[in-house]
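Welcome! Have a look at the structure first, then try each task before reading on.

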Amino acid sequence: MDRIINRIVRLIRRGYSRGMIISEMLDDIDIFSKEKLFEIAKCRIRGKRKFGKLAEKLFFDEDGLRYSTPPEVAMYRAKRLRYETIADVSCGVGIQAIYFAMESERVIAVEKDPVRLKLAQFNAEVFGLDNIEFINGDATSKDVAESIKADVVFSDPSRRPEEPVRYLDTLNPSPIKIYEIYSRITNRIAFELPPQISKENIILDGEKEYTSLNFRLNRLALYMGDLKSCDTSAISIPSEEKVTDRDKRVEIKKETRPLLYLYEVDPTLHKAELLENLMGKLEFDGHTLMVSRRRTLLTSDEVYESAFLRRYNILATCKFDVQSIKSTLKKLDVGKVTLRIDIDPKEYWSLRNEIERDLMGEKKIHLFRMEDRALIAERESS
Ligand SMILES: C[S@@+](CC[C@H](N)C(=O)[O-])C[C@H]1O[C@@H](n2cnc3c(N)ncnc32)[C@H](O)[C@@H]1O
């Protein structure tokens, strides 16, 4: 299989069309149609962004790749859910199940789509793992449910790509059903939920763990029963720094006056509603300049280290108009400007080019906007 996929990858890279490659193939292979083989090869190329060089050996279909767990998150999740036997009852192409198998003794991986299950089996072979038992079936069916004995049950359900409001019962399999069925064998049940779902719509009780990957909200896990350690938490991957609702909350006042340092806050904390808990944990002395879903900015004269904060030196402020910004940037010896403002993506480059025109300096700065003021800041250690 690997040889066949690699051959298609080479043909795609040489520029052959989909139609040409499919017509050249001799036959379907096992349960894989020629179209599916082409799709798997395409995903191997696209998978590089998420899986780096490893993607060259792995097997994905379109949805399997899109919804597969990033390796850094899968590794963290596997460590948190390390028990003797874990059942992943909607395993997709098996990425999370594979990381479970690196940490736990035994994994049971269920998938209803036979093609995807086969891809998961291939992927387990790539990792040289033989402690995963694969089951092709519907995790909500009596047959499958009765055959599973595990210390932990985990499910990362499929979601509809477009859905303005997320609910548990539109996920597949529905976490509500999985909970009803599997709470008979264990109270340790965990779900991966769409991170944008509102807290009110998570109608199962458990710890909601908002997972940030490289300063962006990436996942939301729900840990039930004995797996729960608080009501809400946020974890930053790769550092594994954690904030929870049990950390003391400290309200920070809003003011417009910038101090020495600017701190950009990981948007994951806003979604998790844990900003005040981080402030309490850090004993933050300063104030907020801006709080919103997309951007939260704090300022302080003190230095704080946290994976949830990015620190900048504030260099200057001025009126937010192109002429004032340009003349301030010239005085500061600036050459490159990253705009950190809410702007229509189509207009980003025209504004940036306009600001950067005639700037010959060495410095790279970030430009923020607070109402009618521009805030010019330089990233520490960038
Ligand atoms: C989001 S993917 C899982 C991705 C996986 N965690 C990974 O890291 O690669 C969800 C999978 O659940 C499967 N699924 C949906 N309903 C199911 C059911 N009732 N029983 C078993 N699998 C199901 C879908 O076919 C899909 O492959």
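**Exercise 1. Describe the sheet in this predicted model: in what order do the strands lie, and which are the edge strands?**

Step 1: Nine strands make up an open sheet, and reading across gives the order S3-S2-S1-S4-S5-S7-S6-S8-S9, with mixed pairing.
Step 2: Look for strands that pair on one side only; these are the edge strands, S3 (132-136) and S9 (241-244).
Step 3: From one strand to the next, the twist averages 20°.

**Exercise 2. Do strands S6 and S7 run parallel or antiparallel, and how many bridges join them?**

Step 1: Recall that strands of a sheet pair through backbone hydrogen bonds, either parallel or antiparallel.
Step 2: Find S6 at residues 207-213 and S7 at residues 216-223; the two run antiparallel and are joined by seven bridges.

**Exercise 3. Which strands does helix H10 touch?**

Step 1: Locate H10 at residues 175-182, where the helix packs on the sheet.
Step 2: The strands touched are S4 (152-155) and S5 (189-193), and the directions of H10 and S5 make an angle of about 170°.

**Exercise 4. How many residues surround the ligand, and how do they divide by type?**

Step 1: Count 22 residues around the ligand, with Thr69, Glu111, Arg116, Asp138 and Asp156 the closest.
Step 2: Sort the shell: eight are nonpolar, nine polar and five charged.
Step 3: Finally, the protein covers 96% of the 610 Å² of accessible area that the ligand has on its own.

Definitions and conventions
Residues numbered from 1 in each chain as written. Predicted model: local features only at pLDDT ≥ 70, side-chain atom pairs only at ≥ 80, totals over all residues. Heavy atoms only, no water. Near = heavy atom within 4 Å. Areas by Shrake-Rupley, 256 points an atom, 1.4 Å probe, with all protein chains shown as cover. Nonpolar A, V, L, I, M, F, W, Y, C, P; charged D, E, K, R; others polar. Pairing = 2+ DSSP bridges. Helix = DSSP H or I, 4+ residues; strand = E, 2+ residues; numbered from the N terminus. Axes fitted to C-alpha atoms, helices over the stretch in contact; angles between N-to-C directions. Contact = heavy atoms within 4.5 Å.
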